[in-house]
Amino acid sequence: MSEIIISPNIKLRPAAPEDEEFLISVYGSTREQELAMVPWTVEQRQAFIKFQYTAQLNYYRSEFPNSEHWVIVADGQPVGRLFLDRREAQFRILDITILTAHRGKGFGEPVIRHVMNEAAAVGKTVGINLDLYSSSQSIFERLGFKATEKTDSHTLYVWQAGQEQ
């Protein structure tokens with residue numbers, strides 16, 4: 001994998017071992033609200049986040065061995081991560097997360113659009129499972145993703161080239 005230029009100020013670069021601390025902080029940003037309610041020390045929270053990050057990483061590597069792990073870089077600074085699994089019929093976004101301080105600044109949408117364009121070029125759909133209460137649902141719906149399957153905790157959103165956006 002080599003670096004991908006998304007726009008003049010946004011790129012993807014392959015995640016490397018030296019990114020681990022940053023990637024743990026990105027994962028931790030997804031658990032901020034939940035952990036705010038737990039009476040743990042800072043050290044306990046950090047240990048929990050690292051443990052959960054490692055468990056998730058091991059799961060992705062085990063279940064999706066061909067998936068790609070990218071760092072999203074904006075204006076020269078790492079701001080998020082993307083896990084992408086290029087399947088036979090679909091590109092599946094396993095995870096896209098922007099650090100809390102960088103959310104709402106327009107960094108995630110160009111990355112998603114890049115995945116959509118790349119999938120369309122090879123005749124594939126794009127899918128992502130989102131938590132039922134994910135604030136990201138509106139972004140994916142605005143981009144033309146449709147809810148296709150629901151469980152008690154997640155909804156699978158799928159985009160197909162040619163759908164109305």
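The legends below accompany close-up views of a predicted model.

**View 1**
Strand β1 (residues 4-7) and strand β2 (residues 10-14) run antiparallel to each other and are paired over three bridges, and the hairpin that joins β1 to β2 passes through two residues. Within this pairing, I4 stands opposite L12 of β2, while I5 has K11 of β2 as its bridge partner. Strand β2 also pairs in the antiparallel sense with strand β3 (residues 68-74), here over five bridges, and one of the contacts in that pairing places W70 of β3 as the bridge partner of P14.

**View 1. Helix α3 and its two faces.**
Helix α3 has 22 residues, and the distance from its first C-alpha to its last is 31 Å, close to the 32 Å expected at 1.5 Å a residue. Its buried residues are I49, Y53, Q56, L57 and Y60; when the helix is seen down its axis, these buried residues fall within an arc of 100°, so they line one face of α3. The exposed residues E43, F51 and S62 are carried on the face of α3 that is turned away from the buried side.

The residues of α4 that are buried are G108, V111, I112, V115, M116 and A119; seen down the axis of the helix, they lie within an arc of 140°, so they line one face of α4. On the face turned away from this buried side, α4 carries the exposed residues N117 and A121. Just after α4, G123 adopts a positive phi of about 70°.

**View 2. The largest pocket.**
The largest pocket has a volume of about 1,400 Å³, and of the 42 residues that line this pocket, T30, I96, T97, S134 and S136 are the closest to its centre. The elements that contribute two or more residues to the lining are α1 (20-29), α2 (32-36), α3 (42-63), β5 (90-98), α4, β6 (125-131) and α5 (137-142). Among these elements, β5 provides the largest share of the lining, with seven residues. By residue class, the lining of the largest pocket divides into 15 nonpolar, 15 polar and 12 charged residues.

**View 3. The second largest pocket.**
The second largest pocket has a volume of about 280 Å³ and is lined by 15 residues, of which A15, Y53, L57, R61 and H69 lie nearest its centre. Helices α1 and α3 are the elements that give two or more residues to this lining, and the largest share, four residues, comes from α3. Two of the residues nearest the centre of this pocket, Y53 and L57, are also among the buried residues of α3. The lining of the second largest pocket divides into 10 nonpolar, two polar and three charged residues.

Methods
Residues are numbered from 1 along each chain as its sequence is written. This is a predicted model: local features need pLDDT of at least 70, side-chain atom pairs count only at pLDDT 80 or more; totals for chains, interfaces and linings use all residues. Side-chain values use heavy atoms; hydrogens and water are left out. Buried means under 20% relative accessible area, exposed over 50%, partly exposed in between (1.4 Å probe, protein chains only). The arc is that of the directions from the helix axis to the C-beta atoms. Two strands pair if DSSP finds at least two bridges between them. On a 1 Å grid over the protein atoms alone, a cavity is a set of points where a 1.4 Å probe fits but cannot get out, and a pocket is an open set with protein on both sides within 12 Å along at least five of seven lines; lining residues have an atom within 4 Å of a point. Grid points are joined across faces, edges and corners, and a volume is the space filled by probe spheres set on the points. Ala, Val, Leu, Ile, Met, Phe, Trp, Tyr, Cys and Pro count as nonpolar, Asp, Glu, Lys and Arg as charged, and the others, Gly among them, as polar. The expected span of a helix is 1.5 Å times one less than its number of residues.
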